[in-house]
Amino acid sequence: MAPPILPASNCLAPIKSRVLAYLIDLLVAIAALFLSAQIIKTLDPTNLLSIFGIFVAIAIVLGVSVYQAVSLSLTGQTIGKKMLKLRVVTFPNASNAGFARAVFKRWWLPSLLYLIPYLGWAFGVADCLFILNKNRRCLHDLVAGTMVVQLSPLFCAAQCKRKIF
């Protein structure tokens with residue numbers, strides 16, 4: 001089955017929308033981790049059925065991660081981006097970014113870099129500050145060859161001051 005084609009406007013996503021989408025995604029991840037922790041906390045280590053509870057807890061966390069990765073690679077949207085009508089596309093032709101760019105280069109690779117002492121912290125700060133440049137592409141966008149666009153043309157026409165094409 002071919003991934004759905006979502007229209008990408010020629011408007012870069014506003015910084016506020018990108019930050020809010022990130023916070024929504026972070027909240028979803030924290031909720032999954034919290035729910036899993038609550039399940040594991042209530043398990044009785046002497047009961048063999050507790051193993052099932054551990055699998056359920058792992059499935060919750062993995063399920064959210066897999067959903068986000070598949071959705072990001074097929075549509076260019078995570079839960080937060082869907083809610084705010086944003087989409088990750090390739091730069092500069094605004095096509096679907098796919099798994100390698102959207103998930104591996106844009107999400108997993110920077111996440112691994114964040115784990116490196118000192119370098120991870122510096123990369124994180126630089127990544128955040130790069131959104132302030134004229135084309136609003138964070139460092140992870142530059143590495144992956146992507147950009148984030150607004151899907152709502154009405155919003156674009158009314159408020160977008162930075163066109164990409």
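**Group meeting: a walk through a predicted model**

In this protein chain, take the contacts between residues at least 6 apart in sequence, where contact means heavy atoms within 4.5 Å: 67% of them join residues at least 24 apart.

A word on the source. This is a predicted model, in which local features need pLDDT of at least 70 and side-chain atom pairs count only at pLDDT 80 or more, while totals for chains, interfaces and linings use all residues. Residues are numbered from 1 along each chain as its sequence is written, and side-chain values use heavy atoms, with hydrogens and water left out.

First, the overall layout. The protein chain has seven helices and two strands. Helices here are DSSP runs of H or I with at least four residues, strands are runs of E with at least two, and both are numbered from the N terminus. Along the sequence the order is α-α-α-β-α-α-α-β-α. Of the 165 residues in the chain, 36% are buried. Buried means under 20% relative accessible area, exposed means over 50%, and partly exposed is in between, with a 1.4 Å probe and protein chains only.

Let me start with helix H1, residues 15-41. Ser17 sits in this helix and counts as buried, because its relative accessibility is 17%. Leaving out residues up to four places away in sequence, Ser17 touches Leu84, Leu86 and Gln150.

Next is H2, residues 50-75. H2 has 26 residues and spans 37 Å from its first C-alpha to its last, close to the 38 Å expected at 1.5 Å a residue. That expected span is 1.5 Å times one less than the number of residues. Among the buried residues of H2 are Ser50, Gly53, Ala57, Gln68 and Thr75. What covers the buried residues of H2 includes H1, H3, S1 and H4.

Val61 is also in H2, and it is partly exposed, with a relative accessible area of 26%. Which residues does Val61 contact, leaving aside its neighbours within four places in sequence? They are Ala32, Leu33 and Ser36. Leu33 is 28 residues from Val61 along the chain, and their C-alpha atoms are separated by 6.2 Å. After H2 comes Gly76, with a positive phi near 80°.

Now the loops on either side of strand S1, residues 86-90. Lys85 lies in the loop between helix H3, residues 79-83, and S1. Lys85 is not a glycine, yet its phi is positive, about 60°. At 47% relative accessibility, Lys85 counts as partly exposed.

The loop between S1 and H4 holds Pro92 and Ala94. The peptide bond from Phe91 to Pro92 is cis, with omega near 5°. Ala94 has a positive phi near 60°, again in a residue other than glycine. Is Ala94 buried or exposed? At 16% relative accessibility, Ala94 counts as buried.

On to helix H5, residues 119-129, where Gly120, Phe123, Gly124 and Asp127 are buried. Seen down the axis of H5, these buried residues fall within an arc of 100°, so they line one face of the helix. The arc is that of the directions from the helix axis to the C-beta atoms. As background, an α-helix has 3.6 residues a turn, so residues three or four places apart point the same way. On the other side of H5, Trp121 and Leu129 are exposed. The cover over the buried residues of H5 includes helix H4, residues 98-114, and helix H6, residues 139-144.

Last, the largest pocket. A pocket is found on a 1 Å grid over the protein atoms alone, as an open set of points where a 1.4 Å probe fits, with protein on both sides within 12 Å along at least five of seven lines; lining residues have an atom within 4 Å of a point. How much space lies in the largest pocket? About 950 Å³, the volume being the space filled by probe spheres set on the points, which are joined across faces, edges and corners.

The lining of this pocket has 30 residues, and Tyr22, Asp25, Lys81, Trp107 and His140 lie nearest its centre. H1, H2, H4 and H5 each supply at least two residues of the lining. H1 gives the most, with eleven residues. By type, the lining has 19 nonpolar, six polar and five charged residues. Nonpolar here is Ala, Val, Leu, Ile, Met, Phe, Trp, Tyr, Cys and Pro; charged is Asp, Glu, Lys and Arg; the others, Gly among them, are polar.
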